[in-house]
Structure formats: structure tokens, C-alpha cells
Amino acid sequence: MKKNLCTLIVIILTLLTGCTSQFKVNEDIVKNISDKIIKTAIESEGKESAEKSETHKLDASDSINLIVANTVGDISIANHDSKDAVIDVKIKIKSDSKENAEKLLNDYKYSIESKSNTIKIDTVKHEYSIIKNDDRFNVNLNIKIPNNIKHITVTNNVGSVKVENINGELKADTNVGDINITNSNALYKIKVDVGKISLKNCAVSGKSEFKTNTGDVTISASDISAAKYIESSTNVGNIKMTLPETSSYKAEINEFMEKQRIVTNKDGKTDIKLVTNVGKIDFN
């Protein structure tokens, strides 16, 4: 993890400092990105850890919304053939001693509730009297939901987000980490600060957006007939979008160091906008 993130810093800075005078680098953005990566790369070497796993099962037959808030850890969400929502929670805490790590783990409080057609999972609010700056918290969530849940909102600070087989609307936002979506049919509002966005074998609807500050965006859509507008943008990274040949669209492509180009297929039903400030765009 540490080696990969440090390599990413080198690549980013090389790209940005290697640009010609035709492109002015925003030094504040570069500093913010590198600071976040460095902070994420710091490992808790020499620390003692404690961990536990818990499973929660809720009747979700009347639920239509899922809201997930996490700080550090990976999140996985998928539909399953049940009217229940099943949430597996794995917590790992590192501290300066085994005793402190176990105490923090025993005191750790998170909330999972079902209310007003909404399931809320919140692992962000900690109820501790003493937390040291070098204590480390990691919470991984594996969430299975019924198909009647149509609106999903996910926020994560550090960690990947994986979503598969969902239908309806997906909003996902992570600070550092990849977002991967497969075999879904939805309106998407996807935002990443540092990390990649991948959409594979998915139908896109409504006004969908895929935005990352630093990282590649790869979109392989199975159907865009229900999409009014699709936007994909990155400050530093490449964009690749693959659509079915039968798709109807008008695409505005803004690629680094290239003239804007317009690509139209059939009657141009879906408006598409692709922008990369430093990187390449592959559209077909």
C-alpha cells in the first residue's frame, strides 16, 4: 500500500511538472493531492491491534433508501435474493499497546438503524473520552440489500467502494480510494478525490456524472438509452468510454493539448461531455 501510493506521488508530480508552458499547474491542488496521499501511506508500524466482526440483519422489505457513512475501510454493496438487509462489519483498531487497542475496540460505537423507509449505517461517530492522534481505526463493511432499495448514498474517507447488481440511483463519494461498479442499472453521481472510477457492464440513466481529481475513469456501458446526459472528468488521469454501437449520442471531447472535438452517432439523443486536464481520452 505504502509503496504503491508513493509511486503514485512520483507519477503525478512528474506529469504536472513536465507539462509545457501552455498548461499552468495549480500548485495548491498538487500540494493538497500529495499531502493526502502521503497521509494515507503512513502505516502504523510497531503498533498492537485488536479486531472483531459482527453481523446485523434487518427487515428491509419496506426500505427504499440506503445511506452509508464510513471513515477508513472498504465498502462492498450488492443486491441479493432476500427481503432482509445483511451487514457484515469488521473492525480493526491499532494503538500503542494491546490493552489500549482492546479498550478502544470495546468502547467503539457505531449505528445501524432502519427508519422511515431508510437504512442508515454510520461508523463515523466515535464515542470515546480519549483518542490519541496515532490510533488507527479501520472498518470494513460488506452489505447485502434487497432489490427494492433503489437509492444508495455512500461516503468514505479512505478506502475502496465496490458496488454490484444494483438498480435505481447511486451516489458515491470517496476521498482516497477506488470506486468500482459492475452489472448495475442506475443514475450515477460518482466523485473521487484520489483514485480510479470503473463502471463495467452497466446501464446508465438520467443525468450521470463520474468525476475524479487524480485518477483514471473507465466506463463500459451496456446501455445509455435512458441517459439524458453523461459527464466524465479528471484533472490528472485518462478517460476511456466504450458504448454499444447502437447508442445515440452527441459527445463533446476535451482532451489535454488537443482541440475540442464533437462526435455524433445516430440522432444524438444523449449528451456526453468528457474532460481531462492532463491525460488522454479514448472514446468509442
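Is Lys57 buried or exposed? Lys57 is exposed, at 61% relative accessible area. Here buried means under 20% relative accessible area, exposed over 50%, and partly exposed in between (1.4 Å probe, protein chains only).

This is a predicted model: local features need pLDDT of at least 70, side-chain atom pairs count only at pLDDT 80 or more, and totals for chains, interfaces and linings use all residues. Residues are numbered from 1 along each chain as its sequence is written, and side-chain values use heavy atoms, without hydrogens and water.

**Confidence**

pLDDT is the predictor's confidence in each residue, from 0 to 100. The protein averages 86, and 80% of the residues score at least 70. Over residues 16–27 the pLDDT is below 50, and this stretch has 12 contacts beyond near neighbours in sequence. A contact means heavy atoms within 4.5 Å. Residues 40–44 also stay under 50; the model gives them 11 contacts beyond four places in sequence. Where pLDDT is low, the predicted coordinates should not be read in detail.

**Salt bridges**

The structure holds seven salt bridges. The criterion is a side-chain nitrogen of Lys or Arg within 4 Å of a carboxyl oxygen of Asp or Glu. The table lists some of them.

| Pair | Closest N to O |
|---|---|
| Lys57 and Asp84 | 3.7 Å |
| Lys211 and Glu209 | 3.8 Å |

Lys57 lies in strand 1 (residues 48–59) and Asp84 in strand 4 (residues 84–95), so their bridge ties together parts 27 residues apart in sequence. Helices (H or I, at least four residues) and strands (E, at least two) are DSSP runs, numbered from the N terminus. Asp84 is partly exposed at 22%.

Lys103 and Asp107 sit four residues apart in helix 3 (residues 98–107), which means about one helical turn separates them. Lys103 is partly exposed at 49%, as is Asp107 at 28%.

Salt bridges link Lys189, Glu209 and Lys211 in a network. Lys211 is partly exposed at 30%. Glu209 is partly exposed at 24%.

**Aromatic pairs**

There are four aromatic pairs in the whole structure. Rings of Phe, Tyr and Trp (its six-membered ring) pair if their centres lie within 6.5 Å; planes under 30 degrees apart are stacked, over 60 edge-to-face, the rest tilted. Tyr108 and Tyr110 form a tilted pair, 5.9 Å centre to centre with 40° between the planes. Tyr108 is buried at 4%. Tyr110 is buried at 19%. Ring pairs join Tyr108, Tyr110 and Phe137 into a cluster.
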